[in-house]
Amino acid sequence: MKNTLYIAVLFILGLSIQSAQAQYAYFPTEGIITFEKTIHVKNLMKRYMNSLKPGDMSRTYIEQMITKSPETAVLEKKLSFRGDEIYFEPVEKQQPPMIAQMLSMLDNNNKVYQNLKKNESMIALEMGGSGIAIKDSLTDVKWKITNEYRNIAGYDCRRANGITLDSVYVVAFYTDQIPTSAGPGTIHGLPGMILGYVVPEQHMNIYAKKVELTAPTIKSDIFKKKDEPMSREKTKARMKEIMGQWMTEQQLNLMLAAMFL
């Protein structure tokens, strides 16, 4: 009888401890997440080549680059978050000579600041040696949460499929163990941090490889003084004005999606 009572007490005590742990679970509101961005180089360049105007002189050059280029390139990115503020930036990493030569074609090295409370998004990048500053509201994403799960960087994540920028299809894996509604780049809007992100038309995926729950530095002054911030619509109109004569609409849309995401 005493043994039975002893086992019952231990069982109840165990349930109480589990309940207390669940009640006081830690949901971090600040930290640093390191991501690896994988670009499927050959596929991306083939897509770009297929979007060229008939007779475009760059086709031969791109065909030669495709034969020499590796299948993939892996870049490193860092996301810092604290409360409603998020800062996303590239991390310098030595690349093979071929990838280093092609890097400006593969990635814009965007720096992104977002303030979720203020509904504010800022993007800074360089193109052709000129700085581009984009300041607008947060991008609109229409999400549909699924019942698919996977573990990323030690966190249980749930899949969501989304449409953004009117027609760009994206896949995200988010965790509610980090309650900040953000992710790499400008992506956001799910009930937790996005640790995995795929953009099929850009032949790109990005996954967290390390999460550090430490106090970050959030940089909000990402624009150079000489750069004039523009909205997404104004940026799109300016790019179309400058490049529309020699780029197809498909090329332009691919380029703009890479800039805005």
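**Strands, helices and cores in a predicted model**

In this predicted model, β8 and strand β9 (residues 168-175) pair in the antiparallel sense, with 7 bridges between them.

Reader: What makes β8 and β9 a pair?
Author: Pairing requires at least two bridges. β8 and β9 have 7, so they count as paired by that cut-off. One of the bridges joins R158 to Y174 in β9. The two strands form a hairpin with 3 residues between them, and L165 in the turn has a positive phi of about 50 degrees.

Reader: How do you know that β7 and β8 pair?
Author: The cut-off is again at least two bridges. Strand β7 (residues 141-152) and strand β8 (residues 155-164) are joined over 9 bridges in the antiparallel sense, and therefore they pair. I152 stands opposite Y155 in β8. Their hairpin has 2 residues between the strands, where A153 takes a positive phi near 55 degrees.

Reader: Why is the crossing of α5 and α6 called right-handed?
Author: The name is used because the near helix is turned clockwise from the far one, and α5 passes α6 in that sense. Helix α5 (residues 232-243) and helix α6 (residues 249-260) pack at an angle of about 145 degrees, their axes 11 Å apart. By class, their contact has 7 nonpolar, 1 polar and 3 charged residues.

Reader: Which residues of the largest nonpolar core touch the most other members?
Author: I33, W143, Y197 and M259 do, in a core of 48 residues. Leaving out residues up to four places away in sequence, the contacts of Y197 include V170, P184, M204 and L261. Another core, of 14 residues, lies apart from the largest one; I39, L44, M49 and I62 are among its members.

Notes:
Residues are numbered from 1 along each chain as its sequence is written. This is a predicted model: local features need pLDDT of at least 70, side-chain atom pairs count only at pLDDT 80 or more; totals for chains, interfaces and linings use all residues. Side-chain values use heavy atoms; hydrogens and water are left out. A nonpolar core is a set of buried Ala, Val, Leu, Ile, Met, Phe, Trp, Tyr and Cys residues joined through side-chain atoms within 4.5 Å. Buried means under 20% relative accessible area, exposed over 50%, partly exposed in between (1.4 Å probe, protein chains only). Contact means heavy atoms within 4.5 Å. Helices (H or I, at least four residues) and strands (E, at least two) are DSSP runs, numbered from the N terminus. Axes are lines fitted to C-alpha atoms, for helices over the stretch in contact, and angles run from 0 to 180 degrees between N-to-C directions. Ala, Val, Leu, Ile, Met, Phe, Trp, Tyr, Cys and Pro count as nonpolar, Asp, Glu, Lys and Arg as charged, and the others, Gly among them, as polar.
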